[in-house]
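Biologist: I'd like to learn how to read a model like this one. Can we go through it feature by feature, starting with the charged pairs?

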Amino acid sequence: PKARRAVVSALGQFREAEAAGEALAGLVGRGDPSLFVEAEAADALGRTRAPIARAAIERALETKDSLYETVRAGATRALGHLADPGVLPTLAQRLRYGQHQRVRSAAALALAEVGARLVVLDAVRDLLEPRLDDPDFRVQITAIVALKALGDERAIGALRRTAEQAV
């Protein structure tokens, strides 16, 4: 599995290459015996930004059950790599309480990745700030990291309140 995972990760370096995108989309669609390879394939597919990437990744989000939602977390990360504001509603859905914490953490980081490319950051900040009070500590930490990566100074107040509550 380590060699296959390295190969699919390397394919992700071919930005907008249709052949790499098709190979990765095929692997994501048919699956792999290793859920780590499958998750890495989804993540790498997002990095390619190939024309077929978004549809294949969103299909994986809906159909790929795996231990600890490993594949869905990889697919959620992949949406962030697409640099497409159109994925914000899907990421917002994956950030909601009720999703596995690994998926919600991946959604927070993906939102920051997409949001950092936007001119108006309000929508992304408004999605991330409530996660500072998430029942899962790991999601709280990821929300802090995501807000930092977003770079919106208007999040400082919420981050300061979170720091004061933690003391």
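Modeller: A salt bridge here is a side-chain nitrogen of Lys or Arg within 4 Å of a carboxyl oxygen of Asp or Glu. Take Arg54 and Asp84: they form one, with 3.0 Å between the closest N and O atoms. Arg54 sits in helix 4 (residues 53-63) and Asp84 in the loop between helix 5 (70-81) and helix 6 (88-95), so the pair ties together parts that are 30 residues apart in sequence. Keep in mind that this is a predicted model, where local features need pLDDT of at least 70, side-chain atom pairs count only at pLDDT 80 or more, and totals for chains, interfaces and linings use all residues. Residues are numbered from 1 along each chain as its sequence is written, and side-chain values use heavy atoms, with hydrogens and water left out.

Biologist: And where do those helix limits come from?

Modeller: Helices (H or I, at least four residues) and strands (E, at least two) are DSSP runs, numbered from the N terminus.

Biologist: Let's take another pair. How far apart are the closest N and O atoms of Asp134 and Arg104?

Modeller: Their salt bridge has those atoms 2.6 Å apart. Asp134 is in the loop between helix 8 (122-128) and helix 9 (137-150), while Arg104 belongs to helix 7 (residues 101-115), so this pair links distant parts of the chain, 30 residues apart. For burial, Asp134 has 1% relative accessibility and counts as buried; Arg104 is buried as well, at 2%.

Biologist: How many salt bridges does the structure hold?

Modeller: There are 19. One of them joins Asp152 to Arg154, with the closest N and O atoms 3.1 Å apart. Asp152 is buried, its relative accessible area being 8%. Salt bridges can also share partners, and here that joins Asp122, Arg125, Asp126, Glu129, Asp152 and Arg154 into one network.

Biologist: Now the backbone. What should I look for in phi angles?

Modeller: Most residues other than glycine have a negative phi. So look for exceptions to that rule. Arg49 has a positive phi, near 55°. Arg49 is in the loop between helix 3 (35-48) and helix 4, and is partly exposed at 24% relative accessibility.

Biologist: Let's zoom out. How many helices and strands does the chain have?

Modeller: It has 10 helices and 0 strands. The radius of gyration, taken over C-alpha atoms, is compared with a globule rule of 2.2 Å times the number of residues to the power 0.38. For this chain the radius is 16 Å, close to the 15 Å that the rule gives for 167 residues, so the chain is as compact as a globular protein of that length. Along its principal axes the C-alpha trace spans about 50 × 35 × 25 Å.

Biologist: And what share of the residues counts as buried?

Modeller: Of the 167 residues, 48% do. Looking at contacts between residues at least 6 apart in sequence, 64% join residues at least 24 apart.

Definitions and conventions: Buried means under 20% relative accessible area, exposed over 50%, partly exposed in between (1.4 Å probe, protein chains only). Contact means heavy atoms within 4.5 Å.
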